Amino acid sequence: MDLNSDLGEGFGQWTLGDDDALLGVVTSANVACGFHAGDPAIMRRVTVRAVAEGVAIGAQVGYRDLPGFGRRFIDVEPEALTADVVYQLGALEGFARIAGDRVRYVKPHGALYNAIVNHEEQAAAVVTAVVAYDRTLPVLGLPGSAWLRLAADAGLTVVPEAFADRAYTPEGTLVSRRLPGAVLHDPAEIAARCVAMAAGEPIRDVEGGALTLTPGSICVHGDTPGAVEIARRVRTALTTAGVELAPFAG
């Protein structure tokens, strides 16, 4: 099982999360590429540290929305969105290369991630960007999304993702952050859920029903209270359960 986290999401003197601590826990790093968060100095620092820790570097691409942290839907034209994604991939690739590695996968961020669950045009635009840039790059996304379906149709390697600390609807989609209970905070509960997901066992959805997820990667968020403790608890619980942790992108 792979553990991924959103990293490098500061900007200038503003910091978010403990990148160094999380890079000692996760196996894949979704690095912000400067559009929703991140800047050149942060991208360089995180990629250098990721290489030192043996963590796979992934491009976390999003809308051009620093003020909204990429969590606001933008009705951008498909051609412009494709260009934006290529731009972000190229920016992070430069820093990954001088750190001694390369970008190994792609994961959309925030509102873009949620939009391309159903938004066919934008999903296709992001797929077009990845295919044009490097069709060997795997892509992370929500199971059942238009994004993963169109990516698979284009011949890309798709990796279904689950979230350690997010509540799910009975349909397997994420509960909106605007609703109460959307984000879980109990480290023991979160760790137990992750062990269940890794074993193919059901977890409880937001309505109390049984929901079975089969992720190829589990995301532990780095911007929630107690994020490092939660990530460490999840890693310990998985390894104690006999789950081998390794990046999905070689």
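Is K107 buried or exposed in this structure? Select K107 in your viewer to find out: this residue is buried, with a relative accessible area of 2%. Keep in mind as you go that the model is predicted.

**Stop 1: K107 and its partner**
K107 and E161 form a salt bridge, and their closest N and O atoms are 2.7 Å apart. K107 belongs to strand β4 (residues 105-108) and E161 to strand β6 (residues 158-163), so the pair ties together parts that are 54 residues apart in sequence. E161 is buried too, at a relative accessible area of 1%.

**Stop 2: D84 and R64**
Next, pick D84 and R64, whose side chains meet in a salt bridge (2.9 Å, N to O). D84 sits in helix α3 and R64 in the loop between β3 and α3, so this pair ties together parts that are 20 residues apart in sequence. D84 is buried, at 14% relative accessible area, whereas R64 is exposed, at 57%.

**Stop 3**
L66 is partly exposed, with a relative accessible area of 36%.

**Stop 4: two helices**
Finally, show helix α7 (residues 187-198) and helix α8 (residues 227-240), which pack at an angle of about 40° with their axes 9 Å apart. That angle makes α7 oblique to α8. Within α8, look for R233 and E229, four residues apart, about one turn of the helix. They form a salt bridge, with the closest N and O atoms 4.0 Å apart.

Key:
Residues numbered from 1 in each chain as written. Predicted model: local features only at pLDDT ≥ 70, side-chain atom pairs only at ≥ 80, totals over all residues. Heavy atoms only, no water. Buried < 20%, exposed > 50% of the residue type's maximum accessible area, 1.4 Å probe, protein only. Axes fitted to C-alpha atoms, helices over the stretch in contact; angles between N-to-C directions. Parallel < 35°, antiparallel > 145°, perpendicular 65-115°, else oblique.
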